[in-house]
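Please look through the structure shown here and follow how its elements are arranged relative to one another.

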Amino acid sequence: MKKRKIGRTLSRPKQQRIALLRTMLVSLTKYGRMKTTLAKAKELRPFAERRITRAKKAKGKEKTAVVLRFLKKDVTYETAKKLIELGKVFEKRSGGYIRIVKLPFRKSDGADMALVEWTEQLQQEEKPIKAGKKKEIVKKVKKEKETKKVEKKEENDKKSE
């Protein structure tokens, strides 16, 4: 009898699923927060937290080299270095490095959306997001999209001239 495996398949084969999680982790370390579907966010959490726990063990030059070698199998060198830096930030924390905030549904297909962010890094830069401020986040995201569209239109106008 075929048994179900733990975790979500995300409608992808295993190698594509792992590649997706890797790229999401790279984006999360690069930008500090990202918007994605709720299912992907829930799958990213244990994947990223295992890497952070591994990065926390990097103390001293020899151990840092060993941890870098291990992390480079999963992510790029730059991301591995950032994960080690994040490991130092999360040194006192025993878990729960990622916060998932639910956002309104996506208009096109009605998918559950979520905002994924680091917990400690956010507190250093700005105040943490409260549950009642989801509408403000959505407004900020919409404004960013609009400004990007305007910038692209301006660039296209310059190219056409």
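Lys-35 stands opposite Leu-115, a residue of S3, and this strand, which covers residues 113–118, is joined to S1 by 5 bridges, with the two strands running antiparallel. In this predicted model, the sheet to which these strands belong is an open one of 3 strands, in the order S1-S3-S2 and with antiparallel pairing. Because S1 (33–37) and S2 (98–103) stand at the edges and have a single partner strand each, one side of each of them is left without a neighbour in the sheet. If direction is ignored, neighbouring strands of the sheet are turned against each other by 25° on average.

The sheet is part of a protein chain with 6 helices and 3 strands, whose elements, read from the N terminus on, follow the pattern α-β-α-α-α-β-β-α-α. Taken along the principal axes, the box filled by the C-alpha atoms of the chain is roughly 55 × 50 × 40 Å. Which helices lie across the strands S1, S2 and S3? H1 lies across S1, S2 and S3 and runs at about 145° to S1, while H6, made of residues 134–160, also lies across S1, S2 and S3, running at about 85° to S2.

The packing of helices on one another can be followed next. Two packed helices are described by the angle between their axes together with the distance between those axes. For H1 (residues 14–31) and H2 (residues 38–56), the axes come within 10 Å and cross at roughly 75°, which means that H1 is roughly perpendicular to H2. On the H1 side, the residues in this contact are Leu-20, Leu-21, Arg-22, Met-24, Leu-25 and Leu-28, and they meet Lys-40, Glu-43, Leu-44, Phe-47, Ala-48 and Arg-51 of H2. Sorted by class, the contact of H1 with H2 has 8 nonpolar and 4 charged residues, and no polar ones.

H2 also packs on H4 (residues 77–89), where the two axes come within 8 Å and cross at roughly 75°; H2 and H4 are therefore roughly perpendicular to each other. Here Arg-51, Ile-52, Ala-55 and Lys-56 in H2 meet Leu-83, Ile-84, Leu-86 and Gly-87 in H4, and the residues of this contact divide into 5 nonpolar, 1 polar and 2 charged.

By class, the lining of the second largest pocket has 5 nonpolar, 2 polar and 7 charged residues.

Notes: Residues are numbered from 1 along each chain as its sequence is written. This is a predicted model: local features need pLDDT of at least 70, side-chain atom pairs count only at pLDDT 80 or more; totals for chains, interfaces and linings use all residues. Side-chain values use heavy atoms; hydrogens and water are left out. Axes are lines fitted to C-alpha atoms, for helices over the stretch in contact, and angles run from 0 to 180 degrees between N-to-C directions. Helices (H or I, at least four residues) and strands (E, at least two) are DSSP runs, numbered from the N terminus. Angles under 35 degrees count as roughly parallel, over 145 as roughly antiparallel, 65 to 115 as roughly perpendicular and the rest as oblique. Contact means heavy atoms within 4.5 Å. Ala, Val, Leu, Ile, Met, Phe, Trp, Tyr, Cys and Pro count as nonpolar, Asp, Glu, Lys and Arg as charged, and the others, Gly among them, as polar. Two strands pair if DSSP finds at least two bridges between them.
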